[in-house]
Amino acid sequence: MLFAALFFAKSLSAASSIHEFTLNSIDGQPVSLAQFKGQVVLIVNVASRCGFTPQYAGLEALYEKYKDRGFVVLGFPANNFLWQEPGTNEEIKSFCTLKYHVTFPMFAKVSVKGSDKSPLYQFLTDKKANPSTGGGIRWNFTKFLVDRNGKVIARFGSSVPPDAPELLAAVEKSLQ
């Protein structure tokens, strides 16, 4: 039993792509990120009461622009920064749908830092697994661009809007 627990912990920390993770959708259903194999993915920690919250509109526009070419945005609500995502999953879903008409996949609230950090965010921020993009999350709306094989290829801070030339260029290049 101890061996199995150690093996699982080791394999989790040795993840080599986002496709190895399963998280709950905003509706509470398990979603294997393996279903996004072959797609370019933008993973974003989001919040409803943040100065960057209007980026939801830009993320939806980005998703709409590129989804037919194999691109998807994945939103992960997090309440790690000044309690800017206090709502329930149902409240978050309602807010995103009604205010920003979000159609990209949204997930259940996670933690992106601290002792209860989600395993996905442990992987994304791990300097060993992702030397050029790893490091702690500083604020809401941090964006990780992931290639079709599930490897993190770029990271953009909160102040980089979804329509920033450098983000658009990275998405375009990864879709080629």
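In the predicted model, the buried residues of helix H2 are covered by several elements, including strand E3 (40–46), strand E4 (71–77), helix H3, strand E5 (143–146) and helix H5 (165–175). The buried positions of H2 are Gln-55, Tyr-56, Leu-59, Glu-60, Leu-62, Tyr-63 and Tyr-66. Viewed down the axis of H2, these residues fall within an arc of 160°, so they line one face of the helix. H2 comprises 12 residues, and the distance from its first C-alpha to its last is 17 Å, close to the 16 Å expected at 1.5 Å a residue.

H2 (residues 55–66) and H3 (residues 89–100) pack with their axes 10 Å apart and at an angle of about 75°. Angles of 65 to 115 degrees count as roughly perpendicular, and H2 is therefore roughly perpendicular to H3. On the H2 side the contact is made by Tyr-56, Ala-57 and Glu-60, and on the H3 side by Phe-95, Cys-96 and Tyr-100. Five of the residues in this contact are nonpolar, one is charged and none is polar. Of the H2 residues in the contact, Tyr-56 and Glu-60 are listed among the buried positions of that helix.

H3 also has 12 residues, for which a span of 16 Å should result at 1.5 Å a residue; its end C-alpha atoms are 16 Å apart, in agreement. Its buried residues are Ile-92, Cys-96 and Tyr-100. Seen down the axis of H3, they fall within an arc of 30° and so line one face of the helix. These buried residues pack against H2 and E4. Glu-90 and Leu-98, on the other side of H3, are exposed.

H3 is followed by His-101, with phi near 55°, a positive value in a residue other than glycine. His-101 belongs to the loop between H3 and helix H4 (119–125). The relative accessible area of His-101 is 56%, and since exposed means over 50%, this residue is exposed. Phe-141 lies in the loop between H4 and E5, and its phi is near 65°, again positive in a residue other than glycine. In Phe-141 the relative accessibility is 0%, so this residue counts as buried.

Notes: Residues are numbered from 1 along each chain as its sequence is written. This is a predicted model: local features need pLDDT of at least 70, side-chain atom pairs count only at pLDDT 80 or more; totals for chains, interfaces and linings use all residues. Side-chain values use heavy atoms; hydrogens and water are left out. Axes are lines fitted to C-alpha atoms, for helices over the stretch in contact, and angles run from 0 to 180 degrees between N-to-C directions. Helices (H or I, at least four residues) and strands (E, at least two) are DSSP runs, numbered from the N terminus. Angles under 35 degrees count as roughly parallel, over 145 as roughly antiparallel, 65 to 115 as roughly perpendicular and the rest as oblique. Contact means heavy atoms within 4.5 Å. Ala, Val, Leu, Ile, Met, Phe, Trp, Tyr, Cys and Pro count as nonpolar, Asp, Glu, Lys and Arg as charged, and the others, Gly among them, as polar. The expected span of a helix is 1.5 Å times one less than its number of residues. Buried means under 20% relative accessible area, exposed over 50%, partly exposed in between (1.4 Å probe, protein chains only). The arc is that of the directions from the helix axis to the C-beta atoms.
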